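Look at the sequence and the model before reading on.

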Amino acid sequence: VAGPLLRNNRQTTDSSSLEGHYVGVYFSAHWCPPCRSLTRVLVESYRIIKESGKKFEIVFVSADRSEESFKQYFSEMPWLAVPYSDEARRSRLNRLYGIQGIPTLILLDTDGHMITRQGRVEVLNDPECRLFPWHPRPVLELSESNAVQLHEGPCLVLFVDAEEEGELEPAKELIQPIAEKLMAKYKAKEEETPLLFFVAGEDDMTDSLRDYTNLPEAAPLLTILDMSARAKYVLDAEEITPAIVEQFVNDFLAEKLKPEPI
């Protein structure tokens with residue numbers, strides 16, 4: 001991000017003004033309808049966070065197709081932007097964060113280390129910004145808004161019999177220590193966790209996922225789904241214990257499990 005940054009009043013500031021701030025790096029474009037929808041929500045989130053007294057800034061990295069489109073879109077934003085003319089810097093940031101699609105919101109801590117790639121999901125799920133700066137939670141309850149993360153990399157999904165709110169808590173508590181241990185191990189190495197953890201109950205979202213991945217109807221059912229590799233690993237056991245989950249995770253990471261096609 002180093003270098004001059006624009007404000008939408010056409011003034012410039014240096015990237016050194018970001019020191020000591022949490023920073024959102026926002027990859028977006030006016031021609032993209034989901035981007036425009038997210039921008040409207042993000043403007044409100046930005047206001048809430050700033051008014052709470054937290055040091056937070058957003059840097060817009062445009063994927064617009066012309067400077068005119070960039071100017072029109074940026075005029076709606078109260079934060080900073082990499083100049084559209086600095087195409088090399090915009091490209092560098094896209095490569096650095098491995099941007100595959102937009103909108104993407106990357107959250108960085110005050111030292112510039114990545115907190116999460118899932119800023120979009122976090123902003124939409126937390127409109128009052130109570131969980132800012134949105135550190136990753138070890139275990140998520142699978143929902144329509146976070147299902148996009150199933151495509152980010154391998155995901156452990158524990159399917160259980162649960163239709164009512166709160167019934168997923170025992171399943172989360174079962175796998176949470178294993179997820180926390182794995183997160184801590186990779187954070188110490190300054191690497192991204194190689195596995196995300198979800199619990200899934202019984203709803204339309206879960207039914208669609210089971211159908212798409214051709215999973216049996218059994219519950220509890222312990223799986224690891226790797227959508228990008230179109231591979232699944234399934235453990236159908238009558239009882240799921242922490243020891244069974246930990247062994248399953250370790251075997252997966254050691255590449256001892258045999259994948260089935262999705």
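Does Asn-214 count as buried or exposed? With a relative accessibility of 62%, Asn-214 counts as exposed; the term exposed means over 50% relative accessible area, buried means under 20%, and partly exposed lies in between (1.4 Å probe, protein chains only).

The model is predicted: local features need pLDDT of at least 70, side-chain atom pairs count only at pLDDT 80 or more, and totals for chains, interfaces and linings use all residues. Residues are numbered from 1 along each chain as its sequence is written, and side-chain values use heavy atoms, leaving out hydrogens and water.

Helices (H or I, at least four residues) and strands (E, at least two) are DSSP runs, numbered from the N terminus. In helix α3 (residues 87–96), Arg-89, Arg-90 and Leu-93 are buried. Seen down the axis of α3, these buried residues fall within an arc of 100°, so they line one face of the helix; the arc is that of the directions from the helix axis to the C-beta atoms. The exposed residues Glu-87 and Arg-95 sit on the face turned away from the buried side of α3. After α3 comes Gly-98, with a positive phi near 55°.

Asn-214 lies in the loop between α6 and β11, while Arg-230 is in the loop between β11 and β12 (231–235). Arg-230 is partly exposed, at 43% relative accessible area.

Two peptide bonds are cis:

| Cis peptide bond | Omega |
|---|---|
| Phe-132 to Pro-133 | near 10° |
| Ala-219 to Pro-220 | about 5° |
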